[in-house]
Amino acid sequence: MFTKDSVIGIVGSGAMGSGIAQVAATAGHKTIVYDTNITALEKAKTNLTNSLGKLVEKQKITADKAQTILSLTSYSSSIQDFKSCHLIIEAIVENIDVKQSVFKELESITSETCVLASNTSSLSITSIASACQKPEKVIGIHFFNPATLMPLVEIIPGVATDSVIANHCQTLINSWGKVTVMAKDTPGFIVNRVARPFYSEALRIYDEQLADMATIDWAMKEFGGFKMGPFELMDLIGHDVNYVVTETVWKQFYFDPRFRPSLTQKRLLEAKFLGKKTGRGFYDYREGSSLPEPKKDEALAKYIVNRVLCMLINEACDTKYLGIASATDIDLAMTKGVNYPKGLLKWADEIGIAQVLNTLNELYDDYQEDRYRACVLLKQMVKQGKLFY
Ligand SMILES: NC(=O)c1ccc[n+]([C@@H]2O[C@H](COP(=O)([O-])OP(=O)(O)OC[C@H]3O[C@@H](n4cnc5c(N)ncnc54)[C@H](O)[C@@H]3O)[C@@H](O)[C@H]2O)c1
């Protein structure tokens, strides 16, 4: 369906759109970037030139290759320029009404066979597709930030998406050097769903004053092997983004307590302590301030890691149980999309599934909250002595 000659259209020249355009042009496609904001288009053009310049300097690509990528990429403020496209990836503002209206317009100007994809992080692909006459050619193609560096791409067919089109999209994105996983159209897809407890359980431990944030971050890195602790990572992502994703996923799951956001993080957002970018978040990054020291208590650290990890595994297990994605894809998504040190289901096999279930049952006994209910698949696997792999 797609070849090297397929023309790729990108709607939106912001952080994601410009990155995806660079990936597509690097793979050898003629790529057209469209934005309603001329300043954003100009910025994207300058950024591409600079970014390619740096790659040449670091000898990652040749000057010839950089020139080819630049000549393959064009910028436009007219949506009509998308007429010749074979695949269009939309990366505009995260708003369902705006996305639906753009998809409707895209369908009206492109060919019958042009595939329309959205890079949305949290909206329903099925709902975006419903604005089109042919929802079967609408799909989610979800890149991670920065798109040029992060290997993972989630492919999300909506309810009406043609499975043949989904397979062609997966093959195309694989040919761009990305690692793809297929996910059902459900809130947060794989990564933004399965990763929730990394933040929310750490926040819960902090809110209960069982440990301070520096100790939780230290524990997750030192004993969990994670590259960053949850509080550092939330500060880096920004609470305007991280809190909103949590709240959106929680609302879309009909307020399931498993996804309930933390008031502590909401207050930071209200105070505009958005994290590193504003100088203050959980930590104080302003000049002259120093970061707090962790309490290096090994027993406490092991308790923290075990609790957060078992909650993550439970979410991964539910994602498999509900057929959102396969065990392999869930593990690939978490290692390639958010750099987890190990796939969660592989990790569960290593710890022992009975041990994971035991931790969850103990939490459930202590709190009597639905949040800690163990996935039924874990219970079945323990009964049958099964492993994920
Ligand atoms: N930033 C991330 O970390 C990230 C990661 C994965 C997915 N996403 C998703 O990607 C999409 C884009 O996010 P972003 O961070 O690149 O946003 P951004 O704000 O950096 O860029 C959005 C761009 O879209 C343009 N735009 C807005 N409305 C438009 C319209 N109607 N027609 C044409 N252009 C329009 C804006 O001018 C802007 O340049 C969102 O759906 C977001 O959820 C973001």
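Visitor: How do the residues of the shell around the ligand divide into nonpolar, polar and charged?
Guide: Happy to start there, with the note that this is a predicted model. There are 22 residues around the ligand, with G12, G14, M16, A40 and N145 coming nearest. By class, the shell divides into 10 nonpolar, 10 polar and 2 charged residues.

Visitor: Which helix gives the most to the shell around the ligand?
Guide: Two helices to look at are helix 1 (15-26) and helix 4 (96-109), each supplying at least two residues of that shell. The one that gives the most, with 3 residues, is helix 1.

Visitor: In strand 3, what is the bridge partner of T31?
Guide: Strand 2 (residues 31-34) pairs with strand 3 in the parallel sense, over 4 bridges. Within strand 3, the bridge partner of T31 is T73.

Visitor: What radius of gyration does the chain have?
Guide: The C-alpha atoms fill a box of roughly 60 × 55 × 40 Å along the principal axes, and buried residues make up 47% of the 389 residues. A compact globule with 389 residues would have a radius of gyration near 21 Å, and the chain agrees with that, at 22 Å.

Conventions:
Residues are numbered from 1 along each chain as its sequence is written. This is a predicted model: local features need pLDDT of at least 70, side-chain atom pairs count only at pLDDT 80 or more; totals for chains, interfaces and linings use all residues. The radius of gyration is taken over C-alpha atoms; the globule rule is 2.2 Å times the number of residues to the power 0.38. A residue is buried if 20 or more other C-beta atoms lie within 10 Å of its own, exposed if 12 or fewer, and partly exposed in between; C-beta atoms are placed from the backbone. A residue is near a molecule or strand if its C-beta atom, placed from the backbone, lies within 6 Å of it. Ala, Val, Leu, Ile, Met, Phe, Trp, Tyr, Cys and Pro count as nonpolar, Asp, Glu, Lys and Arg as charged, and the others, Gly among them, as polar. Two strands pair if DSSP finds at least two bridges between them.
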